[in-house]
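Biologist: I would like to learn how to read helix packing. Please take me through one case.

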Amino acid sequence: MHRILAHATPRNVVVWSVLDTELAARAALRPAPLSIVDVGGGTGGMAVPLAEAGHHVTVVDTSPNALAGLTRRATEAGVADRITALQGDADDLAQVVPADGADLVLCHNVLEMVDDPDRATRSIAAVTRPGGAVSVLVANRASAVLARALGGHLRLAREILDDPDGRAGTRDTLSRRFELSGITGLVEAAGLAVEQVHGVRVLADLVPGGSDTEGATADALRDFELATAARLPYRDIASQLHLLARRPVTED
Ligand SMILES: C[S@@+](CC[C@H](N)C(=O)[O-])C[C@H]1O[C@@H](n2cnc3c(N)ncnc32)[C@H](O)[C@@H]1O
């Protein structure tokens, strides 16, 4: 298996860094392919590199179109035999994935849109094996408020600030945005222990062209993201919040 961090962009370097460390720690204990579930994994932005690293990845997504895109991408990358695409709902993973089986469960950019985030998080915990890890990435309300205000959209900024779910009206594409206390509480209520919290895209969305940079600028931006991800106050104004949590081996 090879490490995948080398391919990370400024926007995803922090998440890959956390996952790379988790995968390396697991490989040091037992060097075997892991069983990974990517909930709402879409077209395989995470699943394909993880399969290329030798792991078995099951992507559960409600969208047949996303799953068709995933299958095409997995075939092109030569890892179709290590990726399983299943249509299913985050709220009820037990319908499609065995309980207590996954070494790692990803839920990235999905809790903002599910019907019931509490139910989805419990469903994620239930398919994680005791001792396994859960990687959760969500939109940060504070960043959305600042970004709208800095863009001159004060009314929208105020709506996101005041709305109980951090939504900008009914035309908002997301059902909710999170504050750190909210997402931490959700994950802990599902019986998972939060081990790490990072801010993702502290600067990548602020620097002009930050998401498309290459070469030395991209290297500098990647370094900056890694340097600020766990530091206050930078962590708390990042576009997204990332939590690495673990299902306890023994539960009360
Ligand atoms: C914003 S995309 C994120 C894709 C990928 N996780 C990423 O971070 O790039 C959200 C994905 O979640 C899927 N989705 C939305 N609601 C879902 C649900 N209730 N259960 C499972 N997947 C869902 C969508 O079809 C879409 O593929």
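Modeller: Start with a contact, meaning heavy atoms within 4.5 Å. Val13, Val14 and Ser17 in α1 meet Arg222, Glu225 and Leu226 in α8. By class, this contact of α1 with α8 has 3 nonpolar, 1 polar and 2 charged residues. Here Ala, Val, Leu, Ile, Met, Phe, Trp, Tyr, Cys and Pro count as nonpolar, Asp, Glu, Lys and Arg as charged, and the others, Gly among them, as polar. Helices are DSSP runs of H or I, at least four residues, and strands are runs of E, at least two, numbered from the N terminus.

Biologist: What kind of model is this, and how are residues numbered?

Modeller: It is a predicted model: local features need pLDDT of at least 70, side-chain atom pairs count only at pLDDT 80 or more, and totals for chains, interfaces and linings use all residues. Residues are numbered from 1 along each chain as its sequence is written, and side-chain values use heavy atoms, leaving out hydrogens and water.

Biologist: At what angle do α1 and α8 pack?

Modeller: Two packed helices are described by the angle between their axes and the distance between the axes. For α1 and α8, the angle is about 65° and the axes are 9 Å apart. Axes are lines fitted to C-alpha atoms, for helices over the stretch in contact, and angles run from 0 to 180 degrees between N-to-C directions.

Biologist: Which residues of α8 are buried?

Modeller: Residues three or four places apart in an α-helix point the same way, because there are 3.6 residues a turn. In α8, Ala218, Leu221, Glu225 and Thr228 are buried (under 20% relative accessible area). On the other side of α8, Ala216 and Asp223 are exposed (over 50%). The buried residues of α8 pack against α1 (13–29) and β6 (193–200).

Technical notes:
Buried < 20%, exposed > 50% of the residue type's maximum accessible area, 1.4 Å probe, protein only.
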